[in-house]
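We'll go stop by stop, with something to pick at each one.

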Number of protein chains: 2
Amino acid sequence: MRDRNRQVLLKRRPTGAPTTADFDIADGPVPEPADGEALVRGIYLSLDPYMRGRISGTRSYAKPVDIGAVMEGRVVGQVVRSRDPGIREGDYVYGGYGWQLYSAVPGKDLIKLDPNEAPLSTALGVLGMPGLTAYVGLSEIGRPQRGETVVVSAASGAVGAVVGQLAKRHDARVVGIAGGPDKCRYVESELGFDSCIDHRSADLGAALDRTCPQGIDVYWENVGGAVQQAVFPRLNDFGRMVMCGMVSEYNDVELRPGPNLMAAVRKRLKIQGFIVSDQWQRFGKYRAMAAPLVRNGELKYREDIVDGLDRAPEAFIGLLNGRNFGKLLIKLGDDPTTGR
Amino acid sequence: MRDRNRQVLLKRRPTGAPTTADFDIADGPVPEPADGEALVRGIYLSLDPYMRGRISGTRSYAKPVDIGAVMEGRVVGQVVRSRDPGIREGDYVYGGYGWQLYSAVPGKDLIKLDPNEAPLSTALGVLGMPGLTAYVGLSEIGRPQRGETVVVSAASGAVGAVVGQLAKRHDARVVGIAGGPDKCRYVESELGFDSCIDHRSADLGAALDRTCPQGIDVYWENVGGAVQQAVFPRLNDFGRMVMCGMVSEYNDVELRPGPNLMAAVRKRLKIQGFIVSDQWQRFGKYRAMAAPLVRNGELKYREDIVDGLDRAPEAFIGLLNGRNFGKLLIKLGDDPTTGR
């Protein structure tokens, strides 16, 4: 155990695209767990696009990170010391806090992980918040029917990959949109989407016409921007637009105009947003469904693991530009279950 | 019975705002009912904003009116001659066709009206398609809860008036938006909305802030344009936007930009369109609920009756500009039940 707790702090609120200068890296004392708390050593830190909202000053569904405070984030780790009778030293847990190596966490806020159920890191991706996001949005809003066409943006990402694979299990036709040939190849050949469009190279509209000859019934919105503009006019009557995120616009200083909503009347569209944290109560059900599929290889996932907390700001900036390939994780420390 | 059938025909497709020159008025022969048909003499013709879509050439949920064809529209009338055993001469019916004095209609497409149940004209308004529109959109999409704030655009119109009165029956707080002080006074004092904003005179944003201090939970969209722009950013978390129409944009040649949809994610909005003709099966249930309320005065309505088919084009053009005050009807001929 190191005797200092390295942390990434928010130095200032970025206007537009964040830079590494918006963050501070500092060493503080390792916290002492209070009664009822456990000290968690972080193994993996999850970086996710929603964090861009947390460092803006604008009102949103969650409180922003204060200037000078530790950046928020979810962590998988191991218990180093416990003052909660239900938590033991050595336990693997989901629920460390923030961009830091150690945190003292109330035992009641920790979820124990069984490394034999699935690799620890999956609790931050395919079996964690991103997987649950896919499950909730698809079952509550998208509801793909057999033979319908589902288009998934950011298809190789942590959420999109699960969306597409679940939609295939509903016998939908699934078309991904991703950035670059490597991601598209992965989406088609590994994840088993019917097709994948490279939004960087293609005339997106023409590519959608080609890959979605019957139009689009469900659009999973992760990105906004030009992709949204190309998809929107191609939605079918009774189309559903699952508003999960619009990462390509998160760094915008001014809101761009959106689509004219007359089509929502004419085509009886449903455009609906959701936030996964409203639906934590479904986490257990999702994991019970998805963990066996992950173990037997039916639900595939890919991780992009960056080593070392100090690289978190740079990796996060890359995430907002689509530079990661798979679920982005920061390796905070050794994972005894993999020996790496 | 006149021996000629006066008709309004579509002469050409308007670009932008229609003018009377886009229509032709012609006299044709009174049709002969075929076997199974009845000849209906029109009493009231309904003019509704959706007709603007029918005279555009663009693809929509219904087939456009052909050039040279009779304008489409719903009529209440009286059977002059019948070759359907279930329909008798003198019957009052809902279901004549088009902007014309007479039509020959299959008996199975006619709904008999009992003038003792409610005035005949209400079958085109509060107890007809506009009323059903309000009922369906509110029960399927808007779902106002006790204490929520519901904003209704075109509040004195055929649909809006019913929306607001039904929302009050759900114990919601209801704020109307209408054009001009007379309509606003009517909406507040006759229809019983909690408040009504004149979109012509007010700083709409400031007026919404004043009348909706708790934000907006349900927005009934009839108009689009500047009203939509003012309402959208004031929607609350989990707000519902019932996309019924956007009449202020129907004459646009180019689509205007819409709102940026990031708010749909952040606030978990639902923006959903519907078309009442998908829901005709609910007509009976709606009438059974609403007709007693109309009779006992709990569900109020107002009609703007223009005399004479020849004035239909001009009245329709006025409807698109909000010049009507209440449900717009064209009086085609005498109503024996009122003696007028």
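**Stop one: a helix pair in chain B**

Select helix α2 (residues 129–142) and helix α8 (residues 283–295) of chain B: they pack at an angle of about 95°, with their axes 10 Å apart. Because of that angle, α2(B) counts as roughly perpendicular to α8(B) (the label covers 65 to 115 degrees). Axes here are lines fitted to C-alpha atoms over the stretch in contact, and angles run from 0 to 180 degrees between N-to-C directions. Helices are DSSP runs of H or I with at least four residues, strands are E runs of at least two, and both are numbered from the N terminus.

Now show side chains for G131(B), L132(B) and Y135(B) on α2(B), plus F283(B), Y286(B) and A290(B) on α8(B); these make the contact (C-beta atoms, placed from the backbone, within 7 Å). By class that is five nonpolar, one polar and no charged residues (Ala, Val, Leu, Ile, Met, Phe, Trp, Tyr, Cys and Pro are nonpolar, Asp, Glu, Lys and Arg charged, the others, Gly among them, polar).

A word on what you have open: this is a predicted model, where local features need pLDDT of at least 70 and side-chain atom pairs count only at pLDDT 80 or more, while totals for chains, interfaces and linings use all residues. Residues are numbered from 1 along each chain as its sequence is written, and chains are lettered from A and ligands numbered from 1 in the order in which they are written.

**Stop two: the core**

Next, pick V151(B). Which residues does V151(B) touch, leaving out those up to four places away in sequence? Color V175(B), I177(B), C212(B), I216(B), Y219(B), W220(B) and V231(B) to see them. In the largest nonpolar core, with 216 residues, V151(B) is among those that touch the most other members, along with Y44(B) and I330(B) and their chain A counterparts Y44(A), V151(A) and I330(A). Such a core joins buried Ala, Val, Leu, Ile, Met, Phe, Trp, Tyr and Cys residues through C-beta atoms within 7 Å; buried takes 20 or more other C-beta atoms within 10 Å.

**Stop three: where the chains meet**

Show both chains: 29 residues of chain B are in contact with 29 of chain A. Select α7 (262–266) and β13 (270–273) of chain B, which each supply at least two residues of that side. The chain B side divides into 15 nonpolar, seven polar and seven charged residues. The copies meet through the same surface, because 100% of the interface residues of chain B are also interface residues in chain A.

Technical notes
Two residues are in contact if their C-beta atoms, placed from the backbone, lie within 7 Å. A residue is buried if 20 or more other C-beta atoms lie within 10 Å of its own, exposed if 12 or fewer, and partly exposed in between; C-beta atoms are placed from the backbone. Angles under 35 degrees count as roughly parallel, over 145 as roughly antiparallel, 65 to 115 as roughly perpendicular and the rest as oblique.
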